[in-house]
Amino acid sequence: MAREVASEPSSDGPGAAFDARMMEQALDLARAAAARGEVPVGAIVVRDGVVIGRGGNAPIAACDPTAHAEIAALREAAAALGNYRLPGCEIYVTLEPCAMCAGAIMHARLSRLVFGARDRKTGACGSVVDLFANPRLNHQTSVVGGVADAACASLLTGFFAARR
């Protein structure tokens, strides 16, 4: 399967408008995470235009290093579908996923990943490594980065500036 890679999101067509609306929902979850004192990352899983999984970062509150927004959204989506595989689903995340979350996205067989801001320290979609670019893996997920990049990055920058 060919891998669709876009470092810049498309700004035309109905797909771009839908991506922007979905990313706004993920941003709402990221803002809620920030209000709880967690790093502001939000994620949603969508199937056939319907949100079936939501998550906001919660590793501090849960005392759980795996309590990332993506993992929470994947768990909720899997429960909604009654299956750990999520073919035909897309995930929208405000921050480029780390290696753990990228692996979970691949194992769940999501068809598409859309993320906002790049993570220059731990990003696994091209910033530090690109796990999705390995053709030897048995599942390929298309990746689009930079959707609502400014809003996603600003939320993170503001959160960390307030903590310094």
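Begin with the largest pocket of this predicted model, whose volume is about 460 Å³. Select Val39, Leu95, Asp119, Leu156 and Phe160: among the 21 residues that line the largest pocket, these are the closest to its centre.

Next, colour the lining of the largest pocket by residue class. Its residues comprise 9 nonpolar, 4 polar and 8 charged.

Which helix gives the most to this lining? Select residues 149-163, helix H5, which contributes 5 residues to the largest pocket.

Now leave the pocket and turn to a pair of helices. Two packed helices are described by the angle between their axes and by the distance between those axes. Select helix H3, residues 69-81, together with helix H4, residues 99-107. Their axes are 9 Å apart and the helices pack at an angle of about 20 degrees. Because angles under 35 degrees count as roughly parallel, H3 is roughly parallel to H4. The crossing of H3 and H4 is left-handed.

Finally, display the side chains where these two helices meet. From H3, select Glu70, Ile71 and Leu74; from H4, select Met100, Cys101, Ala104 and Ile105, which they meet. How many residues of this contact of H3 with H4 are nonpolar, polar and charged? The contact holds 6 nonpolar residues, no polar residues and 1 charged residue.

Note on methods. Residues numbered from 1 in each chain as written. Predicted model: local features only at pLDDT ≥ 70, side-chain atom pairs only at ≥ 80, totals over all residues. Heavy atoms only, no water. Axes fitted to C-alpha atoms, helices over the stretch in contact; angles between N-to-C directions. Helix = DSSP H or I, 4+ residues; strand = E, 2+ residues; numbered from the N terminus. Parallel < 35°, antiparallel > 145°, perpendicular 65-115°, else oblique. Left-handed = near helix turned anticlockwise from the far one by under 90°. Contact = heavy atoms within 4.5 Å. Nonpolar A, V, L, I, M, F, W, Y, C, P; charged D, E, K, R; others polar. 1 Å grid on protein atoms, 1.4 Å probe; cavity = no way out; pocket = protein on both sides within 12 Å on 5 of 7 lines; lining within 4 Å. Points joined across faces, edges and corners; volume = space filled by probe spheres on them.
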